[in-house]
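User: I would like to learn how to read a model like this one, feature by feature. Could we begin with the terms and then turn to the case itself?

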Amino acid sequence: MGMLDFESARDSFFSSADRDGDFALSGGELMNALGSADTQMFECEDGDGAGLCGYSEYLDFGQQLFQQLDADGDGWLSPRELQ
């Protein structure tokens with residue numbers, strides 16, 4: 001899975017999890033959505049402490065996560081790297 005596929009999957013997840021359409025995930029929205037996904041790929045970090053994960057925070061966390069998961073640095077996530 002390349003970065004574009006990774007970002008596309010995360011974007012789709014965010015869109016479906018953001019039930020109220022405010023471009024931020026509340027703790028409840030994130031927990032409800034993660035219950036069905038059960039993967040760190042869709043997690044987010046509330047960088048500004050607002051109690052919400054804004055879309056830009058979600059994107060930033062995704063980029064950091066991709067780099068962390070891409071152990072061999074080839075720009076692709078193998079099934080092994082996604083485990």
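Analyst: A residue is called buried when its relative accessible area is under 20%, exposed when it is over 50%, and partly exposed in between, using a 1.4 Å probe and protein chains only. By that rule, 34% of the 83 residues of the protein count as buried. This is a predicted model, in which local features need pLDDT of at least 70 and side-chain atom pairs count only at pLDDT 80 or more, while totals for chains, interfaces and linings use all residues. Residues are numbered from 1 along each chain as its sequence is written, and side-chain values use heavy atoms, with hydrogens and water left out.

User: In what order do the elements of the protein run from the N terminus on?

Analyst: Helices (H or I, at least four residues) and strands (E, at least two) are DSSP runs, numbered from the N terminus. Here there are four helices and two strands, and their order is α-β-α-β-α-α.

User: Which residues touch the most other members in the largest nonpolar core?

Analyst: In soluble globular proteins, nonpolar side chains tend to be buried together. A nonpolar core is a set of buried Ala, Val, Leu, Ile, Met, Phe, Trp, Tyr and Cys residues joined through side-chain atoms within 4.5 Å. The largest one holds 18 residues, of which Phe 6, Phe 13, Leu 25, Leu 30, Phe 42 and Tyr 58 touch the most other members. Helices H1 (3-17), H2 (27-37) and H3 (55-69) each give two or more residues to this core, and H3 supplies the largest share, five residues.

User: At what angle do H1 and H3 pack?

Analyst: Axes are lines fitted to C-alpha atoms, for helices over the stretch in contact, and angles run from 0 to 180 degrees between N-to-C directions. H1 and H3 pack at about 140°, with their axes 11 Å apart. Contact means heavy atoms within 4.5 Å, and the residues making it include Phe 6 and Phe 13 of H1 and Tyr 58 of H3.

User: Is Phe 23 buried or exposed?

Analyst: Phe 23, in the loop between H1 and strand E1 (24-26), counts as exposed because its relative accessibility is 60%. Most residues other than glycine have a negative phi, whereas phi of Phe 23 is positive, near 60°.
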